[in-house]
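Okay, everyone, let's get going. Have the sequence and the 3D view open, and follow along as I talk.

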Amino acid sequence: MQPYELIKAKRDGGRLDPSDIQAFIQAYTAGTVADYQMAAMCMAIFFKGLDARELGAWARAMLNSGEVLDLSDTPAIKVDKHSTGGVGDKVSLSLAPLAAACGVPVPMISGRGLGHTGGTLDKLESIPGFRVDLSTADYRRLVREVGCCLIGQTAQVAPADKKLYALRDVTATVDCIPLIASSIMSKKLAEGIDALVLDVKVGSGAFMKTADDARVLARTMIGLGAEMNRKVVALLTDMDQPLGRQVGNALEVREAVDMLRGEAPDDYTEITYALTAEMLVLGKKAATVEEAREKLRRSVEDGSALRKLKEIVQSQGGDPRSIDDYSLLPTAKATTDVVAPRDGFVTGIHTEGVGLAAVALGAGRQRVDSRIDPAVGFTLLKKVGEPVKQGEPVVQVHYNDAAPVADVKARLLAAYQFGDRAPAARPLVLDRLE
């Protein structure tokens, strides 16, 4: 079938043959199916979905669009984590060195900012000199020698996903369960992992706004993992407000380092421990989650997790001094405050609104070719449940270009909700599936 016929068939609710799916993705990777044709197919899938057979074929075609890495020269059980995306979600930056310091090799192929959410690669690249474009040979070597390597999709590994990831970001087809699941699993299974922990975000800052939708996505990815003989555990975690206090690439690196020093906000620390503990259990470095959490706490207290982060940074060309001296990280020229309009409590934060404000400020992408300013972002001085006084700062805006600041401040103020009473605390981990 020709691309036009396949797009039309899916648009009209038809079922695509696995061989046609394989050919379509192969042609897209090679460039003979144009971006606008893939965009049309993604929109058709957004509205009509993929059944289990189609989804399995789509994920396999994405996986087999490039090299599937063999990490058998690293004998330990190799485990990765993937987040479906949130605002202030810098967990990977602290989780990877934590797990590696506890003996679990972490091969991690990550993505860039997508929609209103931040990207691990963008955060890593705010560390001076840090390279995410390593060869697959270097990737294998660092997983074996350092116990961790964090790179982006390459021309060899999951190239179809690399192209499609950027395209979905600008065509309003990000929040589509079949496309999310196949993107994540094709990229992750190409890494050479044995097991995977999923952080499926739920709430106003997540692509999955409800726990029911998040469970559907989690079960879809767990099913794809089982089909490909990989153990997958999923935690549904709260994204009804940004995670931690910092939003923005270099700012989030600072907070990740703070976490490895035991000095980060409680919500960020708890989510990081919960996810990393699951990795240690899957990697057979702990028999239970409780034992795993104790090992993680010790790795923070004895400094081994922080030392592992410095080793990772140095091994990938970054300046390890920036881990101790934050002045070596990109820093915005100026700051301004968003202030509370009344006395009371912060009763809610529309987290997607905060993420879009970060994009408007330059911390994320409005187009595929947009440049990110690694220095800009926000410090959330007040979060849900905390008391405020009229005129008191609730967000500090870090900026270089003054032009968007008025719009950004208006967006942030609109994202904050205030009331007379503090709301009941929402659990951080909503569910666990395997």
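**The sheet, some helix pairs and one threonine**

So, let's start with an open sheet of four strands, ordered β6-β9-β11-β7, with antiparallel pairing. Strands here are DSSP runs of E with at least two residues, helices are runs of H or I with at least four residues, and both are numbered from the N terminus. Two strands pair if DSSP finds at least two bridges between them. In general, strands of a sheet pair through backbone hydrogen bonds, either parallel or antiparallel.

Which strands stand at the edges? Those are β6 (246-247) and β7 (334-339); each has a single partner strand, so one side of each is left without a neighbour in the sheet.

Before I go on: this is a predicted model, where local features need pLDDT of at least 70 and side-chain atom pairs count only at pLDDT 80 or more, while totals for chains, interfaces and linings use all residues. Residues are numbered from 1 along each chain as its sequence is written, and side-chain values use heavy atoms, with hydrogens and water left out.

Back to β7. Its pairing with β11 (residues 393-399) is antiparallel, over six bridges. Look for Val339: its bridge partner in β11 is Pro393. Then there's helix α17 (residues 405-415), which lies across β7, β9 (377-380) and β11 and runs at about 35 degrees to β7. For angles, axes are lines fitted to C-alpha atoms, for helices over the stretch in contact, and the angles run from 0 to 180 degrees between N-to-C directions. Contact means heavy atoms within 4.5 Å.

Now a helix pair. Helix α2 (residues 18-30) and helix α4 (residues 52-63) cross at roughly 30 degrees, and their axes come within 9 Å. From α2, the contact uses Pro18, Ile21, Gln22 and Ile25; from α4, it uses Arg53, Glu54, Ala57, Trp58, Ala61 and Met62.

Here's another pair: α5 (residues 91-101) packs with α11 (residues 249-260) at an angle of about 35 degrees, axes 8 Å apart. Leu93, Ser94, Pro97 and Leu98 of α5 meet Glu252, Val253, Ala256, Met259 and Leu260 of α11.

Last stop, Thr220, which sits in helix α10 (residues 211-227). What does its side chain reach at 2.7 Å? That's the backbone oxygen of Val216. Leaving out residues up to four places away in sequence, Thr220 touches Leu55, Ile177 and Ala181.

How values were computed. A polar contact is a pair of N or O atoms within 3.5 Å; within protein, one must be able to donate a hydrogen and the other to accept it, and residues adjacent in sequence count only if both atoms are side-chain atoms.
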